[in-house]
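Subject: Structure handover

Hi,

Here is the structure we spoke about. My notes follow below it.

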Amino acid sequence: MRRFLIAGNWKMNCGPNETAALLEELKKETPVISENVDVLVCPPFVSLSMSVNHLHDTDIAVGAQNFHFEDNGAYTGEISATMLEESGCNYVIIGHSERREYFGETDEGVNAKTKKALLHKLVPVVCVGESLAQRKDGVHFDLVKNQVTAALEGISSDDVLDVVIAYEPIWAIGTGETASPEQAQEMHAHIRNTIESLYDSETADVIRILYGGSMKPGNAEELLQQNDVDGGLIGGASLDAKSFSQIISAAEKIS
Ligand code: PEP
């Protein structure tokens, strides 16, 4: 049986006040969460501690959207894994395409962060995915394979079981365009094969691969029904308690 992960990436939205309001709504809207579905919200740094406090009596986990791979030091403006752990986070998004594009995040940095997250018992949600130009050029399978391989470099077969991969075609993020269920399945199977070639088939079976890119209540069910889609990383729709809850319900229905 699959255990889905439905994760909300709030991006640079919701300071503490808006976060409190959205979480209250979410608590009202969220269906009963079974053991087959994990639910996660990733608010901005300044709203993390209060999110942990707000959600302590629920089955909704809290994660961050980024961190620095060093533990502390002269890195003005940065936040470390130790700090996230201390704030009560259980997950962290790593290598989102917006971080790769606007903040120069590299495959090497993603690898360093993935290792550090594991060391701090934070579940790394490692994002990979191609641009529209790369898909048109037909290099998307190689590109994603290389991103996954680089992210997992030097990670043991025991540790990798805790890694979550999120396939997010850049052309589908925040655009209203979604990969078709077939396109998603095709790439998710490719990612699973990549993990099998790096580790083994048991490992590949266990690792969760999320789809991200304009997942909404209207398309969640058909995406989540695909064999190799183990959940969703949701941007826009996670800022609406009703929509996010409906996506959770879709996962509950299928699981
Ligand atoms: C994301 O930012 O991870 C994302 C998938 O955004 P959206 O759902 O808005 O496309």
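The second largest pocket is lined by Lys-115, Leu-118, Leu-119, Lys-121, Leu-122, Val-123, Gly-154, Ile-155, Asp-159 and Asp-162. A pocket here is an open set of points on a 1 Å grid over the protein atoms alone, where a 1.4 Å probe fits, with protein on both sides within 12 Å along at least five of seven lines; lining residues have an atom within 4 Å of a point. This is a predicted model: local features need pLDDT of at least 70, side-chain atom pairs count only at pLDDT 80 or more, and totals for chains, interfaces and linings use all residues. Residues are numbered from 1 along each chain as its sequence is written, and side-chain values use heavy atoms, leaving out hydrogens and water.

Helix α5 (residues 107-119) supplies the largest share of that lining, three residues. Helices are DSSP runs (H or I, at least four residues), numbered from the N terminus. The second largest pocket holds about 180 Å³ of space. Volume is the space filled by probe spheres set on the points, with grid points joined across faces, edges and corners.

Now the largest pocket. Its space is about 480 Å³. It has 18 lining residues; closest to its centre are Lys-11, Met-12, Gln-65, Arg-99 and Phe-103. Helix α4 (residues 97-102) gives the most to this lining, with three residues.

Last, a helix pair. The axes of α10 (residues 217-224) and α11 (residues 241-254) come within 9 Å and cross at roughly 25°. Axes are lines fitted to C-alpha atoms, for helices over the stretch in contact (heavy atoms within 4.5 Å); angles run from 0 to 180 degrees between N-to-C directions. So α10 is roughly parallel to α11 (angles under 35 degrees).

Best wishes

Notes. Helix = DSSP H or I, 4+ residues; strand = E, 2+ residues; numbered from the N terminus. Parallel < 35°, antiparallel > 145°, perpendicular 65-115°, else oblique.
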